[in-house]
Amino acid sequence: ALRDCDVIPRLEFFISFYGSFEQFLVVLKRNRYLFSTSLERLIQPNIALLLKWGVPDIAQAAQLCSKIPRLLTYNNPERAKELLIRAEQLGVPPTSQMFKQAVAAVACTSKEKVVAKLEFFKRTLGCSESEAAMEPWYIVERPVLFAMSLEKRLVPRHYVMKVLQEKGLMNSNMSFSSLAAIGEEAFKSKFIDCHMDSVPGL
């Protein structure tokens with residue numbers, strides 16, 4: 001349990017790390033264990049791990065830990081290392097501004113699902129000039145794609161896109177990421193219901 005004498009030093013540490021009290025509150029809402037976790041035993045060593053791994057400075061480490069607050073509270077450094085390794089395997093170095101998006105992408109998805117989705121994206125996203133040479137950077141810039149179901153959303157929508165483009169009923173420059181991001185009702189209305197007569201069974 002926290003002692004009264006610990007509260008002010010902790011607040012000072014987190015305000016300094018995150019840059020403001022307001023930003024600390026934002027992060028605290030995402031990880032309620034943050035304030036009660038040991039600074040010396042866990043939080044400071046986890047920050048040191050990020051810097052040692054190649055994250056350029058404290059400011060970028062704070063940005064990364066704002067996006068994935070549990071990086072600071074892992075009680076096993078191997079769990080944090082695993083996320084960092086998986087993010088690097090997407091082809092994004094820790095020195096990149098995109099590294100936090102890469103970590104966020106792998107943090108919310110199992111290793112097996114990341115592999116399956118990357119294979120799907122590489123096979124299917126040659127649907128516009130900008131996506132023809134599919135690379136992990138494309139996915140990392142759009143981490144929302146990793147949160148979508150492969151079977152229920154990504155594969156069916158890619159099928160619809162392919163069929164409509166082959167029949168000239170959809171702009172060939174339409175990006176798959178834009179199509180995947182459309183809400184379910186809007187997608188059904190715009191891309192399925194209005195083509196039921198011309199494409200039966202869509």
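Colleague: Which residues form a nonpolar patch on the surface?

Modeller: This is a predicted model, in which local features need pLDDT of at least 70 and side-chain atom pairs count only at pLDDT 80 or more, while totals for chains, interfaces and linings use all residues. Residues are numbered from 1 along each chain as its sequence is written, and side-chain values use heavy atoms, leaving out hydrogens and water. A patch takes residues with over 30% relative accessible area and no salt bridge, joining like charges within 9 Å and nonpolar side chains (Val, Leu, Ile, Met, Phe, Trp, Tyr) within 5 Å; areas are Shrake-Rupley values with a 1.4 Å probe, only the protein chains shown counting as cover for residues. With about 220 Å² of accessible area together, the patch consists of Ile15, Phe21 and Leu25.

Colleague: What is the relative accessible area of leucine 25?

Modeller: Leucine 25 sits in helix 2 (residues 21-30); helices are DSSP runs of H or I with at least four residues, strands are runs of E with at least two, and both are numbered from the N terminus. Buried means under 20% relative accessible area and exposed over 50%, with partly exposed in between (1.4 Å probe, protein chains only). Leucine 25 is partly exposed because its value is 34%.

Colleague: What does leucine 71 contact, leaving aside its neighbours within four places in sequence?

Modeller: Contact means heavy atoms within 4.5 Å. By that test, the partners of leucine 71 are Asn46, Leu50, Leu64, Cys65, Ala80, Leu83 and Val103.

Colleague: How many degrees lie between the planes of phenylalanine 13 and phenylalanine 17?

Modeller: Rings of Phe, Tyr and Trp (its six-membered ring) pair if their centres lie within 6.5 Å; planes under 30 degrees apart are stacked, over 60 edge-to-face, and the rest tilted. The structure holds ten such pairs. Phenylalanine 13 and phenylalanine 17 are stacked, 6.2 Å centre to centre, with their planes at 10°.

Colleague: Why is the pair of phenylalanine 24 and phenylalanine 35 tilted?

Modeller: Phenylalanine 24 is buried at 2% relative accessible area, and phenylalanine 35 is buried at 16%. Their ring centres are 5.9 Å apart, and the pair is tilted because the planes meet at 45°.

Colleague: How far apart are the closest N and O atoms of glutamate 184 and arginine 157?

Modeller: A salt bridge needs a side-chain nitrogen of Lys or Arg within 4 Å of a carboxyl oxygen of Asp or Glu, and the whole structure has three. Arginine 157 is buried at 2% relative accessibility, whereas glutamate 184 is partly exposed at 48%. The closest N and O atoms of this salt bridge are separated by 3.1 Å.

Colleague: How many residues apart in sequence are the parts that this pair ties together?

Modeller: Glutamate 184 belongs to helix 12. Arginine 157 belongs to helix 10 (residues 150-166), so the separation in residues is 27.

Colleague: Is histidine 195 buried or exposed?

Modeller: Histidine 195 follows helix 12 (184-192). Beyond its neighbours within four places in sequence, histidine 195 contacts Leu164, Leu169, Lys190 and Leu202. With 12% relative accessibility, histidine 195 is buried.
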